[in-house]
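I wrote them in the order in which I looked things up.

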Amino acid sequence: MTILACDLDNTLIYSRKRALRAPHYCVEIYRGEPITYMTDATAGLLKKAAAAALFVPVTTRTVEQYQRISFPIRPPYALVCNGGILLKGETEVAEWYEESRRLAQVAHGQLERAEELLCADSHRSFELRRVRDLFLFTKSDNPGATVAYLTERMDMDRVEVCANGSKIYVMPAGLTKGRAIRRLRQYLHGAGEEIGAVIAAGDSIFDVSMLKEADIGYAPEELMAFCDLPQTVHILDREDGVFSDEMLRRITQIVYKHKR
């Protein structure tokens with residue numbers, strides 16, 4: 001069985017801020033307003049790919065944020081909270097979450113330190129959230145300054161500080177998407193599943209560990225400005241059109257080739 005591990009925002013779905021020229025439809029409504037879209041081509045290709053591979057969304061979204069999305073198919077599994085929570089259908093796998101809390105506990109002192117620093121950060125522009133006792137989230141009106149402020153004062157062997165636009169995350173070093181993919185392989189193997197290749201797609205710094213863990217990866221060219229990626233990761237530039245469309249066209253060819 002091939003696993004298709006796919007980030008969501010800006011990889012598979014797009015906010016209303018993104019001017020999509022391709023035909024698209026709403027997949028997320030928040031407070032009565034449509035806020036997120038998927039292209040028609042992506043929806044069709046995802047259905048086709050999911051018929052031949054195990055589609056697993058992998059996202060930093062919380063459970064509640066993830067469950068707002070209306071997929072064209074129902075994913076049997078999803079990794080949310082940056083891999084800290086595994087959903088089987090709509091149900092959280094309790095033992096997975098408990099293991100994630102143990103992994104995050106190593107960074108407990110550093111998360112408390114980050115809370116103190118962020119409370120004093122003049123650039124913080126949003127409430128400070130401790131998400132499921134796993135990681136910290138807030139926003140900054142100067143993300144670069146906030147990241148520098150934190151990294152200069154914390155043990156970066158225990159945590160990772162990342163900015164995604166104005167969003168600021170402080171993640172335990174053990175809570176990465178790459179590690180979540182390794183754990184998922186073990187979990188499925190324990191359930192009697194025969195696991196083949198892992199194909200991953202993502203667009204941000206959070207996805208790098210997952211792209212490196214996968215046998216084949218897909219990323220937009222912008223990600224190369226932030227990190228080095230292995231040769232197993234295929235870079236798609238904007239000339240290829242909408243990233244999700246082109247990425248899924250290529251992945252669909254691969255998964256059906258493996259299926260034969």
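This is a predicted model: local features need pLDDT of at least 70, side-chain atom pairs count only at pLDDT 80 or more; totals for chains, interfaces and linings use all residues.

Residues are numbered from 1 along each chain as its sequence is written, and side-chain values use heavy atoms, with hydrogens and water left out.

**Entry: Thr36**

I looked up Thr36 and found it in strand β4; helices (H or I, at least four residues) and strands (E, at least two) are DSSP runs, numbered from the N terminus. Leaving out residues up to four places away in sequence, I listed its contacts as Ile13, Tyr14, Ser15, Tyr25, Cys26, Val27, Glu28 and Arg61. For accessibility I use buried for under 20% relative accessible area, exposed for over 50% and partly exposed for in between, with a 1.4 Å probe and protein chains only. Thr36 has 3% relative accessibility and therefore counts as buried. Its side chain makes a polar contact with the side chain of Glu28 at 2.5 Å. A polar contact here is a pair of N or O atoms within 3.5 Å, where within protein one must be able to donate a hydrogen and the other to accept it, and residues adjacent in sequence count only if both atoms are side-chain atoms.

**Entry: Asp7**

Is Asp7 buried or exposed? I found Asp7 to be buried, because its relative accessible area is 6%, and I placed it in the loop between β1 (3–6) and β2. The side chain of Asp7 makes a polar contact with the side chain of Lys177 at 3.1 Å. Apart from neighbours within four places in sequence, Asp7 is in contact with a set of residues that includes Leu12, Val58, Thr59, Lys177 and Asp203.

**Entry: helix α6**

An α-helix has 3.6 residues a turn, so residues three or four places apart point the same way. I then checked the length of α6 (residues 177–190): its 14 residues should span 20 Å at 1.5 Å a residue, and its end C-alpha atoms are 20 Å apart, which agrees. The expected span is 1.5 Å times one less than the number of residues in the helix. Just after α6, I noted that Gly192 takes a positive phi of about 90°.

I found a positive phi near 70° at Asn10, in the loop between β1 and β2, and Asn10 is partly exposed because its relative accessible area is 39%. Arg31 also has a positive phi, near 55°, in the loop between β3 and β4, and at 74% relative accessibility Arg31 counts as exposed.

**Entry: Leu248**

Leu248 lies in helix α8, and I recorded it as buried because its relative accessible area is 1%. Not counting residues up to four places away in sequence, Leu248 touches Leu4, Leu12, Thr42, Leu45 and Leu46.

**Entry: pocket and cavity**

On a 1 Å grid over the protein atoms alone, a cavity is a set of points where a 1.4 Å probe fits but cannot get out, and a pocket is an open set with protein on both sides within 12 Å along at least five of seven lines; lining residues have an atom within 4 Å of a point. Grid points are joined across faces, edges and corners, and a volume is the space filled by probe spheres set on the points.

The largest pocket holds about 1,800 Å³ of space. Of the 48 residues that line it, Asp9, Asn10, Ser15, Asn164 and Lys167 lie nearest its centre. I noted that β10 gives the most to this lining, with 3 residues.

How many cavities of 30 Å³ or more are there? I counted 1, and the largest cavity has a volume of about 40 Å³. Its lining is made up of Arg101, Ala104, Gln105, His108, Leu111, Arg130 and Asp133, and α3 gives the most to that lining, with 3 residues.

Methods:
Contact means heavy atoms within 4.5 Å.
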